[in-house]
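Biologist: Could you take a close look at one helix for me and tell me how it sits among its neighbours? Cut-offs included, please.

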Amino acid sequence: MKIIILGGTGAMGGLYGARLFMSGYDVTLYDVNQTAVDAVRANGLLFTDKQANTHTLAVNVTAQVSELPPADVVIVFVKGMYTKAALEAVKPVIGPHTRVLTLQNGWGHSDVIRQVVAEEQMALGVTYASGVVVGTGHIKQVGGDDMFIGNFNRPNDQVINDLAAAFRTIGFNPVVSDNVIYEVWKKLALNVCTLPSTAIPRITADQVPTHEGLVELMQNILKEIVAVAAKNGISLDYDERINYILNLLRNAKGGRSSMLQDFEAKRATEIDFINGAVVREGAKHSVPTPYNHAMQCLVRSIQEGYLRG
């Protein structure tokens with residue numbers, strides 16, 4: 001199984017790439033970040049696992065499509081706004097039987113992916129693993145191992161089962177889901193609450209539940225996504241989600257969300273695929289989403305400020 005990871009030198013692409021490579025899988029990291037690609041080629045991919053052991057890995061990495069092998073599986077970890085460009089770039093190595101699996105945060109990626117590849121080649125998933133970029137070419141895992149995967153709008157098949165077996169082999173806890181869209185929306189509910197509530201005030205995850213105002217904000221954000229999900233035929237349990245989110249935050253001592261890390265590094269965020277996705281879906285069904293819209297506008301404003309330089 002030849003696996004190509006898009007966004008391969010980033011936190012999540014590097015994390016998955018490292019663990020697949022360490023277990024003997026034929027994996028190639030693809031990234032347009034030439035500086036990171038050069039660092040990995042010169043020094044290996046540095047991967048620090050959850051036990052704080054750092055490994056130096058001579059994994060294949062490239063910024064040139066001409067150096068990529070034909071892919072059996074393409075795993076998408078680029079930020080949502082770069083998905084179409086990344087897939088179009090690697091289209092020469094995507095054959096009619098290649099499976100394209102998105103493990104990106106948020107909602108709306110499938111609409112973009114099917115502009116490039118056939119719907120029957122698409123798979124969706126969510127991962128509860130978490131990684132951080134310690135330095136150029138150095139990735140550290142700080143989160144768990146649970147994940148869910150499944151085909152998009154069709155029954156699961158042997159390819160999905162083989163992927164799940166691969167992820168299980170490398171130490172993840174994959175579940176093959178017949179309703180993976182439900183799992184994506186459950187993760188989206190977590191992200192719309194926690195990402196802006198950590199990034200905007202620039203605080204760590206465990207600090208959020210200590211602020212009454214932020215807890216109230218998350219409660220209202222969550223109520224909106226529960227209402228929007230219901231219009232899409234997805235039943236989210238508000239009580240289960242808010243309790244899960246608050247417990248997760250309390251236990252994430254010193255955790256810095258991906259959106260906070262984007263702010264700190266002055267990178268574009270995925271806000272339009274997180275809270276922005278709730279706003280878009282709400283508009284389709286005439287469900288008001290003022291709290292999610294406020295988060296989208298605030299994050300956009302902050303990132304516009306630093307991206308202008």
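Modeller: Helix α10 is largely enclosed by the rest of the structure, because 7 of its 10 residues are buried (buried means under 20% relative accessible area, exposed over 50%, partly exposed in between, with a 1.4 Å probe and protein chains only). Helices here are DSSP runs of H or I with at least four residues, strands are E runs of at least two, and both are numbered from the N terminus. Before going on: this is a predicted model, where local features need pLDDT of at least 70 and side-chain atom pairs count only at pLDDT 80 or more, while totals for chains, interfaces and linings use all residues. Residues are numbered from 1 along each chain as its sequence is written, and side-chain values use heavy atoms, with hydrogens and water left out.

The buried set in α10 is Asn275, Gly276, Ala277, Val278, Val279, Glu281 and Gly282. Those residues pack against α6, α7 (212-231) and α11, where contact means heavy atoms within 4.5 Å.

Take the α6 side. Helix α6 (residues 180-199) and helix α10 (residues 275-284) pack at an angle of about 120 degrees, their axes 9 Å apart. The axes are lines fitted to C-alpha atoms, for helices over the stretch in contact, and angles run from 0 to 180 degrees between N-to-C directions. That makes α6 and α10 oblique to each other (under 35 degrees is roughly parallel, over 145 roughly antiparallel, 65 to 115 roughly perpendicular, and the rest oblique). From α6 come Trp185, Leu188, Val192 and Pro196, and they meet Asn275, Val278 and Glu281 of α10. By type, the contact divides into 5 nonpolar, 1 polar and 1 charged residue; Ala, Val, Leu, Ile, Met, Phe, Trp, Tyr, Cys and Pro count as nonpolar, Asp, Glu, Lys and Arg as charged, and the others, Gly among them, as polar.

Phe263 counts as buried at 2% relative accessibility, and so does Tyr306 at 13%.
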